[in-house]
Amino acid sequence: MNYNGVKTMQDLFQREINYLRISITDRCNLRCIYCMPQEGVPLTNSILRFEEFEKIVRSAVGIGIRKVRLTGGEPLVRKGVIEFISRLAAIPEIDDLALTTNGILLADKAKALKEAGLTRVNLSLDTLRGDRFAEITRGGKLAEVLLGIKEAFVVGLEPVKVNMVVMKGFNDDEVLDFAGMTREFPIHIRFIELMPIGESDNWCKDRHIPVKEIKKMLDPLGKLERAKIGAGNGPARYFRLPGAPGTIGFISAISSHFCDSCNRLRLTSEGQLRLCLHSKTEVDLKTPLRQGASEEELAHIIAEAIKDKPRKHTMADEGWADNQRMMSQIGG
Ligand code: SAM
Ligand code: SF4
């Protein structure tokens, strides 16, 4: 199905929109300090069913979506996720089907995910120290994530990317350790700036470290060379230590935004289309979906919504904070 014969979709700023990120659940088995409160997480009972997500994906494919990422919350806690992935993998137009996970359940599920047709995984890991991991995630076990990473390589969910949110006074002393891993393994470490979303609204300013400073921390390791990696050329800029099998990426959402090349849409767990992670504007897909809209009609709504995709975010502005939704609902 195409929308008015359109196979690719450009927004008003000539950006090709081909990537959809879906928060398939707002639930999570961890409580990272910058993402969720320890208690009283406002969970909803109104998240979409998998067949509803699938219908939206099929509609979005009709207007040029070719990459889909499942995220959350923690996508692997949702029952039926493997079957859902196999249904998405059967859509021929999708050429990249990826998942972002905290890795806790990955060792158990990696093989089934690969067999279902998942292309690759991104893992979130902010420390290599067990006690600190338990502190940052409020109770998580580091060993489970490390096993998950290993299993991702064993089954070939590659390239394996690891996202580290660098926070002043929390884990910035581990930047060199993370970078050092790329010398040993074909792993892609991405250093991410903390953003004022969710639980970090209040303390982001004190903990935020701009990418420029993170790069400086890597000076003792020698000169970084520019690098390219195979899949998912998203907002990260990649580098390599001389001779290293892995790469180092930097994602600077705040200090130097990458809006000019933004190709993505987001779908919240409740079926709201977000045109930008940092814009509070949402377009309701759930209501038309539940009123029986066809794939063509949904595609039309999505195509019209894309016209409102903002040129850039304003997150670096004084006083900006997204306390309307948590990252786990939007899909980080
Ligand atoms: N639970 C999965 C995970 O942790 O990978 C997927 C969802 S999580 C919301 C996705 C990513 O968002 C994680 O890499 C997490 O570190 C990141 N994230 C959450 N809150 C953030 C914040 N305030 N600033 C920067 N990154 C954040
Ligand atoms: Fe859960 Fe991911 Fe948020 Fe951590 S960052 S609380 S793992 S959703």
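A search of the whole structure, which is a predicted model, finds 15 salt bridges, a salt bridge being a side-chain nitrogen of Lys or Arg within 4 Å of a carboxyl oxygen of Asp or Glu. Residues are numbered from 1 along each chain as its sequence is written, and chains are lettered from A and ligands numbered from 1 in the order in which they are written.

Among these salt bridges, glutamate 52 pairs with arginine 290, with the closest N and O atoms 2.8 Å apart. Because glutamate 52 lies in helix H1 (residues 50–61) and arginine 290 in helix H9 (residues 286–290), the pair ties together parts that are 238 residues apart in sequence; helices are DSSP runs of H or I of at least four residues and strands are runs of E of at least two, numbered from the N terminus. Glutamate 52 is buried at 6% relative accessibility, while arginine 290 is partly exposed at 43%, where buried means under 20% relative accessible area, exposed over 50% and partly exposed in between (1.4 Å probe, protein chains only).

Arginine 27 and aspartate 26 form a further salt bridge, in which the closest N and O atoms are 3.0 Å apart; arginine 27 is partly exposed at 30%, and aspartate 26 is buried at 1%. In the salt bridge between lysine 216 and aspartate 219 the corresponding separation is 3.3 Å, with lysine 216 exposed at 58% and aspartate 219 partly exposed at 46%. Salt bridges that share partners also join Arg49, Glu51, Glu52 and Arg290 into one network.

Strand E7 pairs with strand E8 (residues 237–240) in the antiparallel sense over two bridges, and arginine 226 has phenylalanine 239 in E8 as its bridge partner.

Lysine 228 lies in the loop between E7 and E8 and is exposed at 74% relative accessibility. Together with Lys215, Arg226 and Arg237, Lys228 forms a positive surface patch, for which residues must have over 30% relative accessible area and no salt bridge, like charges being joined within 9 Å.

Terms used. This is a predicted model: local features need pLDDT of at least 70, side-chain atom pairs count only at pLDDT 80 or more; totals for chains, interfaces and linings use all residues. Side-chain values use heavy atoms; hydrogens and water are left out. Two strands pair if DSSP finds at least two bridges between them. Patches are made of residues with over 30% relative accessible area and no salt bridge: like charges are joined within 9 Å, nonpolar side chains (Val, Leu, Ile, Met, Phe, Trp, Tyr) within 5 Å. Accessible areas come from the Shrake-Rupley method with a 1.4 Å probe; for residues, only the protein chains shown count as cover. Lys and Arg count as positive and Asp and Glu as negative; His and the chain ends are not counted. The place of a charge is taken as NZ of Lys, CZ of Arg, CG of Asp or CD of Glu.
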